[in-house]
Amino acid sequence: MPQTVRGVIARAKGAPVTVENIVIPDPGPGEAVVDIAACGVCHTDLHYREGGINDEFPFLLGHEAAGVVESVGEGVTDVAPGDFVVLNWRAVCGQCRACLRGRPWYCFNTHNATQKMTLEDGTELSPALGIGAFADKTLVAAGQCTKVDPSASPAAVGLLGCGVMAGLGAAINTGNVQRGDSVAVIGCGGVGSAAIAGARLANAGTIIAIDVDDRKLEWARGMGATHTINATEGDVVEAVQALTGGFGADVVIDAVGRPETWKQAFYARDLAGTVVLVGVPTPDMHLEIPLLDVFGRGGSLKSSWYGDCLPSRDFPMLVDLYLQGRLDLDAFVTETIGIDDVEAAFTKMHEGGVLRSVVEL
């Protein structure tokens, strides 16, 4: 039977979120109901509240989550009730041109649950990134559930569902950081700090953290940065070059996503180096750069979608590294909060005082 649970709702652009009763249907074919244990407060949720994604209000927010499968629909075989899972927003289809070419991490036809969750009056909800996990329970496509070791902390490993995976993957998957490489990361919030952690996992040599906030630079050192640059104190490109023998970094990751930071990344890399854009620009942003510079510097200019991850491959591996003490996911959890505290968490995010607030349910 359908269940009534609590969920965090954004009803209108810019309006404070509210906690309301929502109705979760029984899972249909290919679907699963997940009892949520923890969900991180990601900047993407704020984008939804501000109308920066689309205007399909009301939204059920939350997407960076871990929990336990409660029930599954017809035809579901990869997960079963009782499985501890991390949710992902790119459930691969297996049939699109990317999947058929053996590149499922680029899947162009990812899918979500077919049925809709609703408010008690029947109003259909738009779940954030097809998940909607600021709720006691949520309905997702079964392919959005990735089974991992149940001994892991839900508050920590749930962050792999979005921001931490985006940063780790930008370094390891998209940037292909190799042992001994020099890496610079511009923007050291949750995603940028995860990119630094990814560079350390890949055994990079020099890892340079760049931000305008000394608190974030200190966090970055804890994640593995060997050097820090406060961008307000001088020319970022010159500072990176000074730390890399005058040449620039092998890989530069822009975790901010603004034209000025991307240009810094472009010119702060070595010849034939790699630029990775993982920060998300807004539609009004434009970039102007001499085409001759693009040709003359060589290398690769890449965008990283969700860290180019394949959840079924990457999540269990990263959780194992976490349990071995080789990846400190706990360090990303600044605070744990209740479901009624999401609006206050958005304020803290604006102030830059947290890497991640995590809702525990």
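Which exposed residues does the face of α6 turned away from its buried side carry? I started my notebook with that question. The model I am looking at is predicted.

**Entry 1: helix α6**

I looked up the outward face first. It carries Asp-214, Glu-218 and Gly-222, which are exposed. Then I listed the buried residues of α6: Lys-216, Leu-217, Ala-220 and Met-223. They cover an arc of only 110° around the axis, so they lie on the same side of α6.

Next I asked what the buried residues of α6 pack against. I found α5, β12 and β13 (227-230).

At the start of α6, a side-chain oxygen of Asp-213 comes to within 2.8 Å of the backbone nitrogen of Arg-215. After α6 comes Gly-224, with a positive phi near 130°.

**Entry 2: helix α5**

Helix α5 covers residues 190-201. I tested its length. At 1.5 Å a residue, its 12 residues should span 16 Å, and the end C-alpha atoms are 16 Å apart, so the two values agree.

How many of the 12 residues of α5 are buried? I found nine, so I wrote down that α5 is mostly covered, taking buried as under 20% relative accessible area. Among them are Gly-190, Gly-192, Ser-193 and Ile-196. Several alanines are buried as well, including Ala-194, Ala-195 and Ala-197.

The buried residues of α5 pack against α4 (163-174), β11 (182-186), β12 (206-211), α6 (214-223) and β14 (249-254). Just after α5, Asn-203 takes a positive phi of about 65°.

**Entry 3: the nonpolar cores**

I looked for the largest nonpolar core. It has 51 residues. Among those with the most contacts inside it are Leu-168, Ile-196 and Phe-332. Helix α4 gives the largest share of this core, six residues.

Leaving out residues up to four places away in sequence, Leu-168 touches Ala-194, Ala-195, Ala-197, Gly-198 and Leu-201, among others. Its contacts also include Leu-160, Leu-318 and Leu-327. Another core, of 32 residues, lies apart from the largest one, and Val-34, Ile-36, Phe-134 and Ile-337 are among its members.

**Entry 4: an open sheet**

I traced an open sheet of five strands. The order is β7-β2-β1-β4-β8, and the pairing is mixed. Strands β7 (118-119) and β8 (126-127) stand at the edges. Each has a single partner strand, so one side of each is left without a neighbour in the sheet.

Inside the sheet, I looked at β1 (residues 3-10) and β2 (residues 18-24). They pair in the antiparallel sense over seven bridges. One residue I traced was Gln-3, whose bridge partner in β2 is Ile-24.

**Entry 5: two threonines**

Is Thr-118 buried or exposed? Thr-118 sits in strand β7. Its relative accessible area is 16%, and buried means under 20%, so Thr-118 is buried. Not counting residues up to four places away in sequence, Thr-118 touches Ile-22, Val-23, Thr-123, Glu-124 and Leu-125.

I then turned to Thr-44, in helix α1 (residues 43-49). Thr-44 has a relative accessible area of 18%, so Thr-44 is buried by the cut-off of 20%. Aside from neighbours within four places in sequence, Thr-44 is in contact with Ile-53, His-63 and Leu-129.

Conventions. Residues numbered from 1 in each chain as written. Predicted model: local features only at pLDDT ≥ 70, side-chain atom pairs only at ≥ 80, totals over all residues. Heavy atoms only, no water. Helix = DSSP H or I, 4+ residues; strand = E, 2+ residues; numbered from the N terminus. Buried < 20%, exposed > 50% of the residue type's maximum accessible area, 1.4 Å probe, protein only. Contact = heavy atoms within 4.5 Å. Expected span 1.5 Å × (residues − 1). Pairing = 2+ DSSP bridges. Arc of directions from axis to C-beta. Polar contact = N/O pair within 3.5 Å; in protein donor to acceptor, adjacent residues only side chain to side chain. Core = buried A, V, L, I, M, F, W, Y, C linked by side-chain atoms within 4.5 Å.
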